[in-house]
Each structure stands twice: as structure tokens, then as C-alpha cells.
Amino acid sequence: MHERVRFAPSPTGELHIGGVRTALFNWLFARNKGGKFILRVDDTDRQRSSEVYLQSILDSFRWLNLTWDEGPEIGGDYGPYRQSERLFLYREEAERLLACGNAYPCFCTAEDLEMERERCRSMGQPPRYSARCRNLTVAAADEKKNEGQTYVIRAVTPNEGETVVDDIIRGKVTFLNKVFDDPIIIRSDGLPTYNFASAVDDFNMEITHVIRAEEHLSNTPRQQIIAGLLGYAIPYYAHVPMILAPDRSKLSKRHGATSVQEYRDQGILPEALLNYLALLGWSPGEDREILSVEDMIKI
């Protein structure tokens with residue numbers, strides 16, 4: 001196997017040290033295995049994405065000397081590496097799901113969905129879309145489109161059984177399929193949702209291992225379901241613990257410096273920051289507190 005891993009930041013802010021830690025684990029894994037570290041830009045949030053933030057993220061990677069093998073500015077065989085430039089692919093895959101009955105247009109309005117949520121709450125059930133637009137005929141759906149009604153595209157998910165995430169760190173994690181509703185894969189503005197774009201990109205970029213923070217664990221069964229509908233192979237998953245603040249909450253600005261830029265401005269050396277992040281939460285033994293990047297790769 002030729003290992004390929006990716007780190008996929010959204011250019012909606014500065015590079016957070018939690019993201020650096022995840023990127024570092026991916027980079028070290030790729031270097032240890034002689035594989036490839038891919039930098040992919042998840043920039044489909046048009047309102048919040050910024051070229052300024054993207055350049056800041058790339059500059060932070062360069063400062064840390066975490067070089068990428070494929071991605072922005074250097075390209076590669078699996079590009080483009082910005083999701084905003086891959087919209088044609090998401091549309092093609094959505095059309096493929098529509099053609100085989102594994103997806104359908106949904107015309108439900110925000111008011112319709114709120115009424116369904118209220119109905120679920122009144123019955124003591126978690127909010128879940130009823131999938132009523134699944135039953136629309138092609139002719140009825142076409143009529144609504146011709147009338148100019150806006151719609152999203154939803155994927156068909158199983159109502160029974162379970163989806164098992166075989167996580168390298170956590171072992172097998174089981175999710176009941178009945179807790180998932182039919183996910184939106186293409187929004188009304190034509191842009192893909194996070195889980196759909198991630199599943200499509202991971203397969204088409206031949207990602208073999210997805211190493212990311214444990215906060216994404218709940219996304220993984222949804223991505224596996226989408227991958228299954230598309231006939232994709234499932235990559236290996238590893239969800240690493242998050243960096244928490246002293247009060248056990250998610251690290252945020254109120255706890256102090258959080259971005260790479262802030263640490264750089266404070267005069268912290270990149271080697272020191274990488275050493276700290278690499279050893280956070282574990283020890284290689286022998287009371288070692290300083291590791292070179294070469295040592296990190298070997299371990």
C-alpha cells in the first residue's frame with residue numbers, strides 16, 4: 001500500500017494549534033511510511049472563506065517546515081486541491097446517485113422542516129427528517145423544478161441496521177442507522193455539504209488513512225454511508241483526542257493564544273511548538289522531553 005493522508009483546513013480563520021497537531025500526526029505518518037501528505041483546502045463556505053486566511057495557513061505550514069507533497073501552489077496528480085474548484089465532480093457524483101435512486105431532490109422549506117422537528121419533539125423523539133420527498137415521482141419533482149421551487153439533494157440512508165466505524169485508535173464504534181436522517185449532499189445554492197465533499201474527495205484523491213480530531217467521529221458513519229452508496233472503498237480512520245483547556249472545555253481564545261501566528265509573534269521557535277504538540281498527552285518513555293523531527297518520524 002502507498003499511504004496517502006490529507007489535512008483539509010478551511011480558510012475561515014488562522015491555523016489553530018489543534019489543527020497543527022492533527023496535521024503534524026498526518027505529516028509524521030506519511031514521512032514514516034514513505035507516503036504522501038496532501039494539503040486540501042475546504043473552501044466551499046463562500047461567505048467566510050478568505051484568501052488572506054489561506055495564505056496565512058500556508059505561511060504557518062512553511063514556518064513549521066511541514067511541507068506538503070501535493071496541494072495549493074505545487075499541484076499534483078489528483079488536483080485541483082481546492083474544493084471550490086472541484087464543484088463539477090461533486091455535481092457528477094450527485095447526478096450519479098440521483099440516476100440510480102440513491103438520492104432525491106427535496107423541496108421542503110425551512111418552515112416544513114421546523115414543523116417536522118416540532119412533531120418529533122412532541123413525541124419525545126430526536127429531530128429527524130421524515131424523508132417524505134423520497135416518495136415524489138420524477139414527474140412531480142420536475143414540475144416543482146419548472147415552477148422555480150428551490151431544492152436540495154439528499155442521499156438515501158438505511159433505516160435499519162448499523163454502521164460500524166473501525167477506528168485505529170478507538171476500535172469498533174457502532175452507530176444505529178435509525179438515528180441518521182437522509183443527509184443533504186448538495187445545498188440549494190449548488191454547493192456540496194461537508195460530509196459529501198469529504199467522502200468524494202477522499203476517494204478520488206486515493207486517501208488511504210484519515211487521521212483527524214475525535215470531534216469528527218460523528219461525521220465518519222455519515223461519510224461511510226455516502227461512500228457506500230457511491231461504491232467507494234472505505235479508508236482507514238484514526239480519531240485523535242482533542243487539545244482541551246484546563247477546564248476540560250474545547251480550547252478557545254479565552255484560554256490564551258490559540259493560533260500559530262500568535263505563537264510565532266511571541267517568539268516561540270517552530271521546533272519548540274512541534275515538540276510540545278507531539279508530546280502532548282503521551283510520553284515516548286525514558287523521561288524524554290525533547291524530540292527532534294527525525295525522532296518523531298521514527299517513533
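Trainee: Where is E206 found?

Mentor: In this predicted model, E206 is found in the loop that runs between helix 6 (194-204) and strand 8 (209-213).

Trainee: Why is E206 called partly exposed?

Mentor: The relative accessibility of E206 is 45%. Buried requires a value under 20% and exposed a value over 50%, with partly exposed in between. The value for E206 is 45%, so E206 counts as partly exposed.

Trainee: What is stated about the phi of E206?

Mentor: E206 has a positive phi of about 55°, although E206 is not a glycine. Most residues other than glycine have a negative phi.

Trainee: What is the phi of N65, and in which loop does N65 lie?

Mentor: The phi of N65 is near 60°, a positive value in a residue that is not glycine. N65 lies in the loop between helix 2 and helix 3.

Trainee: Why does N65 count as exposed?

Mentor: Exposed means over 50% relative accessible area. N65 has 53%, and therefore counts as exposed.

Trainee: Which peptide bond is cis, and how is that known?

Mentor: The bond from G79 to P80 has omega near 0° and is cis. Most peptide bonds are trans. P80 lies in the loop between helix 2 (51-64) and helix 3 (87-99).

Trainee: How do you know whether T44 is buried or exposed?

Mentor: The relative accessible area of T44 is 13%. The limit for buried is under 20%, so T44 is buried. T44 lies in the loop between strand 2 (36-39) and helix 2. Not counting residues up to four places away in sequence, T44 touches Q83, S84, R187, L191 and P192.

Trainee: Why is S259 counted as buried?

Mentor: S259 has a relative accessibility of 7%, under the 20% limit, and therefore counts as buried. S259 is found in the loop between strand 9 (236-240) and helix 8 (260-265). With neighbours within four places in sequence left aside, S259 is in contact with E14, L15, H16 and I17.

Trainee: How far apart are the C-alpha atoms of S259 and P127?

Mentor: They are separated by 35 Å, and the two residues are 132 residues apart along the chain.

Trainee: Which residues make the nonpolar surface patch?

Mentor: M1, I168, I169 and Y236 make this patch of about 460 Å². I168 is found in the loop between strand 5 (162-167) and strand 6 (171-176).

Trainee: Why is I168 called exposed?

Mentor: Its relative accessible area is 54%, which is over 50%, so I168 is exposed.

Key. Residues are numbered from 1 along each chain as its sequence is written. This is a predicted model: local features need pLDDT of at least 70, side-chain atom pairs count only at pLDDT 80 or more; totals for chains, interfaces and linings use all residues. Side-chain values use heavy atoms; hydrogens and water are left out. Patches are made of residues with over 30% relative accessible area and no salt bridge: like charges are joined within 9 Å, nonpolar side chains (Val, Leu, Ile, Met, Phe, Trp, Tyr) within 5 Å. Accessible areas come from the Shrake-Rupley method with a 1.4 Å probe; for residues, only the protein chains shown count as cover. A salt bridge is a side-chain nitrogen of Lys or Arg within 4 Å of a carboxyl oxygen of Asp or Glu. Helices (H or I, at least four residues) and strands (E, at least two) are DSSP runs, numbered from the N terminus. Buried means under 20% relative accessible area, exposed over 50%, partly exposed in between (1.4 Å probe, protein chains only). Contact means heavy atoms within 4.5 Å.
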